[in-house]
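Hello,

Please have a look at it first and then read on.

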Amino acid sequence: MRQTIQAFALGTALEQSGTAAWIVDTLLAAEDAYLLGVATGKGRRGLDHTLERHGIGRHFQVLKTADDGPGKPNPHILQDAMAEVGASPWNTVVIGDTIFDIGMAVSAGVLKGLQAVLVFVLADPLFCAKD
């Protein structure tokens, strides 16, 4: 049985790094053990373009965009994504690159304790991987 993880925020990383092989490798490794999803501030058209451009759309079980509800940090799109796949805040991890991602996760009840610290580190990265 696979564990559930939603809201895998990677649009910014893809846009900044082009087709980063490490992102695709990570998705391939993760999809066998986890349910992956996207909750993004992009519109559906922008997300579809990014996923198609990089050939990674098939790795995600749920996609939520700004077209699906209020923007971040409002938790609506994350909560909707969790409900769609039957996940709870306790078995969901948000990986984000902005303070708005963190706000969304906290408002949805996802971040507790150490998770909050780890995501804050992601919001202020120490390095940026490039092709």
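**Confidence in the model**

The protein has a mean pLDDT of 74, and 66% of its residues reach 70 or more; pLDDT is the predictor's confidence in each residue, from 0 to 100. This is a predicted model, in which local features need pLDDT of at least 70, side-chain atom pairs count only at pLDDT 80 or more, and totals for chains, interfaces and linings use all residues. Residues are numbered from 1 along each chain as its sequence is written, and side-chain values use heavy atoms, leaving out hydrogens and water.

Among the elements, E4 has the highest mean pLDDT (94) and strand E1 (residues 3–4) the lowest (45). Helices (H or I, at least four residues) and strands (E, at least two) are DSSP runs, numbered from the N terminus. Over residues 119–131, pLDDT is below 50.

Leu-47, Thr-50, Leu-51 and His-54 are the buried residues of H3 (buried is under 20% relative accessible area, exposed over 50%, partly exposed in between; 1.4 Å probe, protein chains only). Seen down the helix axis, they fall within an arc of 95°, so they line one face of H3; the arc is that of the directions from the axis to the C-beta atoms. Arg-45 and Glu-52, on the other side of H3, are exposed.

After H3 comes Gly-55, with a positive phi near 65°. The loop between H3 (44–54) and strand E4 (62–64) also holds His-59, which is buried, at a relative accessible area of 0%. Neighbours within four places in sequence aside, His-59 is in contact (heavy atoms within 4.5 Å) with Leu-27, Leu-28, Glu-31 and Leu-36.

Best wishes
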